Each structure stands twice: as structure tokens, then as C-alpha cells.
Amino acid sequence: DSQQTELATASKRKLRRFIVIDEVVDKLYGSKVREYFEENNVQHKILALPTTEETKSMDLVLNILHEVQSFSLDRRTEPIIAIGGGVCLDIVGLAASLYRRRTPYIRVPTTLLSYVDASVGAKNGVNFLQCKNKLGGYTPPVASFLDRSFLQSIPRRHISNGLGEILKMALMKHKGLFDLLKNHGKYLLDTKFQSCNSFAHHGDAALQTTRIAIETMLEELAPNLWEDDLDRLVDFGHLISPELEMRVLPSLMHGEAVNVDMAFMTYVAHARGLLATEDKEQILQCMRGLELPVWHSGCSWALIQRALRERLKHSGGQLRMPLPTGLGVADIFNDTSEETLERAYKLWVKD
């Protein structure tokens, strides 16, 4: 906005920014970030932190807040900037929401998972008592800046991890997105979501895939930002995975745990007669093509039962189980019997 830019540059007060950056991202891009702020004459403090599921705690939030306090941030005009993956964005979002009751913050996602998932929506949080995101709130950022060039430097497994959340939206809402993943999955992994002119026969699959994933996510989240309605298609892959992910840390990344959950739920949908055998096989084939796990030994029948009991506690006494009823179409079910779940589990184990 040119008017805002004019106001900012006309001010006699020097621009100031507090930036929290993941320490791995800092090693790769920290010099460029510092150069940017120096060239634009912005007084800045950059705090590089280890932001992983294991460090995602209130201790790290308080560490950030001590630094924010010593920087003397003006919460009305000086947004905190978070540069990193989903864990970094979650931690900084919670810190910002607590500082002086609410300080604006900006998300700059640097992984594919955070690009299509954590960058969208209002939620933030940290793990507590070995439970995923047990403490948190709903404070949307003032902006999310999306730049796919960050994805060039992340490992292939991290690309696959992000594809898990994209596949979630494809299976729930968008057959066209599913077809993009099925037909261009290997290319997206190979090129790390960069737009490459030399692969014209793929079109701009990276741009199309990320755009559709984010648009479908926004369609689901925007009308229900504070989750007043507990019937949420975006919960697909998130019934079993929180328990599984925390139980087997660090062997599964978030998107991988989500995909193991989705693979099991695909079997549940098939066992219920909602999903044809051909569609079930197409889904599993697509998952394998995206180099995502379709099974994990830690996902025992006892863990599934425990996770679903937790689900009942926190979803108004109903399972609210999103299940695919075809490719790109889904519904939410409350009447899946334990017998059906166990039958699906046995078939999943057998396969």
C-alpha cells in the first residue's frame, strides 16, 4: 500500500523490527535477512532459536518474551516477525498473543508444510505434558508472506512431509488437486516446488498445487476461524496423528504422522462401504508416490482406541470423523462402530 509506505518513511522515528528465526534457517538465510534490514535502515534484533517439536514449549515462549521486553517493542506499530517452519510460527504466534495481551505478528513460512498449513488460519500453540499443542490460542497474523524460494534448501523428506497436508485437502475437497499430486508428485519432489521453465509439460504444477491447497484450506477455515463449529473436514488425518506423533518423536514428522492417520481412515472409509476398492488403491498409490508412509509400527490398536477416546472428550462427545467418500469428496460421520474400526485396522495391518 503506497499510502502506508509513505507514512512509514515520512515518520521521523526509526523503523524497528524484532525477528525470531529458526536457527537452521538463520544459518542458510540469516545474512540475507540482516542485509535487508540494514539496507532499509531498520533497527532490528534477530533471535535465532532451535524450533522443533521437542523444544516447542512455554519455556521457549518465555525466552522470546524476555527478549521482546528488553527490545522495548511498541505493540501498535512494530509487529514481531517469525521466519521458519510451522513450529516457529506457532511459538512466535503464541508469544505475540501474550505480550501486552496482543501484539501483531507476521508469518514467513520456510517449509512446505508451514507454507500451506501453518501460514493459514488463526491457531498458535505449544506442547504441554507430552500433548501436542495443549496450550495455545486463536490469534491470526496481520500478514503471511509466501516465498517458495525458501523451499529450495529443505531436504526432500520435508517436501514429502508438506505434501501430506496438501493431500489432505485434495482428498477432502478437490479432485483436481488430487490429480495434480498423482500426476506431478515426483516432479514436485524433484524440483522442490520451484517453477521450472524447462519442464513445460508439467505446466506450473508447483504454483497450481500450492494455490489450490491454500484456497481450499481458506474456504474451510475462514468461516470457522475460532472453531465454533466442531465439524471440520480439515481434521482429516488429525484424529490419531497427534497421539502417534508425540508417542514416536522424533521418528515421524507432522505431515508423515497425518498421512499414516489418513491411510488408516482410508481403510475405515472402505470398510464402511463409502469408498470403492479402486479409489482406495488410487489413494494409497498416490501416497506412496509422494514418498509418504502409509503405516507405522507405533500406530497400535491400543493407541488408536486411546486417541479416539481423547477425540470424544474434546469434540462435544461425538467422533466427528471426516472420511473420504470418493476422490476429492468427503463427509463427517459420528456412527463408525468399534467393530468397523477394528476390521479396518486388521486389513490395514495385513496389507
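**A threonine, a hairpin and some rings**

The side chain of Thr-209 reaches the backbone oxygen of Ala-205 at 2.6 Å. This is a predicted model, where local features need pLDDT of at least 70 and side-chain atom pairs count only at pLDDT 80 or more, while totals for chains, interfaces and linings use all residues. Residues are numbered from 1 along each chain as its sequence is written, and side-chain values use heavy atoms, leaving out hydrogens and water.

**Around Thr-209**
- Thr-209 is found in helix H8 (residues 205-221); helices are DSSP runs (H or I) of at least four residues and strands (E) of at least two, numbered from the N terminus.
- Thr-209 is buried, at 0% relative accessible area (buried means under 20%, exposed over 50%, partly exposed in between, with a 1.4 Å probe and protein chains only).

**The hairpin**
- Strands E8 and E9 form a hairpin with 5 residues between them, and Gly-328 in the turn has a positive phi of about 85 degrees.
- From strand E8 (residues 321-324), Met-321 and Leu-323 point one way and Pro-322 and Pro-324 the other, and all are buried.

**Aromatic rings**
- There are 8 aromatic pairs, counted when rings of Phe, Tyr and Trp (its six-membered ring) have centres within 6.5 Å; planes under 30 degrees apart are stacked, over 60 edge-to-face and the rest tilted.
- Phe-264 and Tyr-345 make an edge-to-face pair, 6.3 Å centre to centre with 75 degrees between the planes.
- This pair links distant parts of the chain, 81 residues apart: Phe-264 in helix H10 (residues 254-271) and Tyr-345 in helix H13 (residues 338-350).

Definitions and conventions
Two strands pair if DSSP finds at least two bridges between them. A polar contact is a pair of N or O atoms within 3.5 Å; within protein, one must be able to donate a hydrogen and the other to accept it, and residues adjacent in sequence count only if both atoms are side-chain atoms.
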